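Thank you all for making time this morning.

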Amino acid sequence: MLKRKFIILVVVCLFLVVSSITYAESTEKSGEITIWSWDPNFNIPIMQEAAERYAKDNPKVTFEITELAKADVEQKLHINLASGVTAGLPDIVLIEDYNAQKYLQSYPGAFADLTDKIKFSDFANYKVGLMTLDGKVYGVPFDSGVSGLFYRTDYLEKAGYKSEDLNNITWDKFIEIGKKVKEKTGKAMIGFGLDDGGLMRIMMQSAGKWYFDDKGNVNLSNNDALKEAFKTYKAIVDSGIIKKTSGWSEWVAAFNNGDTASVVTGVWIIGSVKADKASSGKWKVATTPRLNIAGAVNASNLGGSSWYVLENSKNRDLAIDFLNQIYAGDIDFYQKILMDRGAVGTYLPAQSGAAYSKEDEFFSGQKVYTDFSGWIKAIPTINYGIYTYEADAAIFTVMPDVYSGKISIEDALEKAEEQLKDQINR
Amino acid sequence: MKKNYSINRILVYVFLVFTFIVSVFPFYWMVAGMTNSAVDVIKGKMTFGNQMLSNITTLFTTYNMVRILLNSLKVTGFTVLGILIVSSMAAYGFQIYSSPAREKVYGLIILFMMVPFIALMIPLFRLIVKMHLLNTHSGLVLTSIASVFIIFFLRQSFKAFPYEIIQAARVDGAGEFRIFFSIFIPSMKSSYAAAAIYSFMASWNAYLWPLIILQTDKQKTVTLMISSMSSAYFPEWGVIMTAIVIATLPIIIVFFGFQKYFVQGMLGSSLKQ
């Protein structure tokens, strides 16, 4: 009797084991996830790392990551979406944050609604805001362009300034320090192109403003943050603390050559700063200077991009699962990409990890990533609208006359607003 | 008088040396960049460095260079061959056979040269998708073998070919294809060489159309690869320069190899009467 019961038990157990195996097999995920992305030293290897991690748990899932130039990804995406053909579209595509709304609004229904699929409260606020349309969230936030004031400690010490003197300052104070640096060391305080809008966008976002208001209407002539940013641009140029550069390479060369004492830009510049090994130990990072108006904070952002899933792609659900598991769940993954590639994610739980609290010899032992993680949370959330680059272009057609003093800042803003409205028909 | 002449001469040479430097400098800078690290290129270093080996190694380990070069060669080779056959036959047809509608049709085709490619892009893309040629090299080759410019260019040079020779061949009983392949082509070699060089360069450097229809890294051509390399927070300029040097070599080889014909073909027919 006991023996019989034992046999029955064994049979039942066996049955359970076998059925669970077949059950597991039938739900095992499989398919090929195709991805379009750019940057062979950043996004591509990071995506490869993510793919490897996912494939370890899901061996039947393969990845096809296509490396393209950023402009090329945009071009291809436009052609595919505009032609209404879905055959050529990937499952996942990288889109620059400034352009996100352009795609979301121009091609309604083209991107998968991820509102209930991803836990967005784990990500930095400003990042979720820019990919939200009509209350729905369409992307998975990726790298941050949280900005900082990178400076050469040796030059600033010569001018009599310590690290504390650079944290939480206004742009007016920055210019004052710059004059002293110029006087004592002969070096320019900052380098940028007179037609480059990067710094202006940093200034504006630090005050929680943009070229457009929350509803997407053009907001130039009555924009106090923009007015202050214009003033600051002009003051920097007039005070002679600037080294004028033209184009990306000259701009990078200016600080790599030690011609400028500081650079204010996104955290992603770290790779370029560190590329000049000779200046190791001579750099530090402080908070972004703020505009001298109410509501401005010492935190801002420049650039950054995020992943989007195409609604009609072949393996949409698999792609969402992949992004959810790695980009919205794998803390160790974020440590690895920070160490290997200097990529600062916007996934907040990852920022208590070991890699984020490491001291960096290059920055005189400063825990730079701990600092940046703190600043990320303070970045004001704004709506970038869909014409950021068009606005940039309109602004910089009037800037030469502002620099030369030919027209007042108010008139210049008015002129730029008119021009922008003409161009985008609003 | 003689003195004047030599001063002119000196001025001419000064001018030539100046233009030589201006046109050769980018090539020098490209080769020098190939031997430097990214930071040195950014800093504007003009002299040769010692990073060439590491740049080449990085290039070949990060990218499947051999496959990408073979892709480019394959596409370019078939395109050139296709253009030489299809477009030259069209040009020959327009020049040799007369028909009342000939010039009207020709004019219409020439008109297509004026339509910018951007305007054709989306319909052409849809067509390629319908034909299931998306992400294939055939999609690239098939769309470029009927080249309006080459038809125009070849017809201009074919005008110099004496029609009497064709009539004589017909009298001798040669078929139309035989006349074309055995008599016409051999005597128009330099025009064909010029057309070959032109279409080789155009196809090797083609960028927009390959970008649109090639979807995966496996199918990629060399122009797409180079374009993607510089789109970065921290571009590896030394490696990019290495890739550009490698991509430029075939053009230099083809150009200098056929230079004699190229000049002849551009100047007109080589047929001596």
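Predicted model: local features only at pLDDT ≥ 70, side-chain atom pairs only at ≥ 80, totals over all residues.

Let me start with a question: which residues have the most contacts inside the largest nonpolar core? They are Val93(A), Ile190(A), Ala229(A), Val309(A) and Leu323(A), and the core to which they belong has 164 residues. By a nonpolar core I mean a set of buried Ala, Val, Leu, Ile, Met, Phe, Trp, Tyr and Cys residues joined through C-beta atoms within 7 Å. A residue is called buried if 20 or more other C-beta atoms lie within 10 Å of its own, exposed if 12 or fewer, and partly exposed in between, with the C-beta atoms placed from the backbone.

Residues are numbered from 1 along each chain as its sequence is written, and chains are lettered from A and ligands numbered from 1 in the order in which they are written.

Back to the core, then, which draws at least three residues from each of domain 1 (29–145 + 303–353) and domain 2 (147–301 + 379–424) of chain A; the domain bounds come from an automatic or database domain assignment. Contact here says that the C-beta atoms of two residues, placed from the backbone, lie within 7 Å. Apart from this core lies another, of 18 residues, among them Val80(B), Ala91(B), Ile151(B) and Leu154(B).

Now to chain A as a whole. Of its 426 residues, 47% count as buried, and its C-alpha atoms fill a box of roughly 100 × 50 × 35 Å along the principal axes. Chain A has 16 helices and twelve strands, where helices (H or I, at least four residues) and strands (E, at least two) are DSSP runs numbered from the N terminus. Among contacts between residues at least 6 apart in sequence, 77% join residues at least 24 apart.

The sheet comes next. Five strands of chain A form an open sheet in the order E2-E1-E3-E12-E6, with mixed pairing; two strands pair if DSSP finds at least two bridges between them. E2(A) and strand E6 (139–141) of chain A stand at the edges with a single partner strand each, so one side of each is left without a neighbour in the sheet. From one strand to the next the twist averages 25°, the angles being taken between N-to-C directions, from 0 to 180 degrees, of lines fitted to C-alpha atoms, for helices over the stretch in contact. Helix H12 (residues 316–326) of chain A packs on the sheet, touching E1, E2, E3, E6 and strand E12 (305–309), and its direction makes about 145° with that of E12(A).

Within that sheet, E1(A) is mostly covered, since five of its seven residues are buried. E1(A) pairs with E2(A) in the parallel sense over seven bridges, and Trp36(A) stands opposite Thr66(A) in E2(A). Two bridges join E1(A) to strand E3 (residues 92–96) of chain A, again running parallel, and Ile35(A) stands opposite Ile92(A) in E3(A).

How do the parts meet? The C-alpha centres of the two domains of chain A lie 29 Å apart, and 17 residues of domain 1 are in contact with 15 residues of domain 2. Between the chains, 30 residues of chain A are in contact with 26 residues of chain B. The largest share of the chain A side, seven residues, comes from H3(A).

Finally, the two single residues. Lys136(A) lies in strand E5 (residues 136–137) of chain A and is partly exposed, with 13 other C-beta atoms within 10 Å. Not counting residues up to four places away in sequence, Lys136(A) touches Asp113(A) and Thr115(A). Met46(B), in the loop between helix H2 (38–43) and helix H3 (52–62) of chain B, counts as exposed, with 12 C-beta neighbours inside 10 Å.
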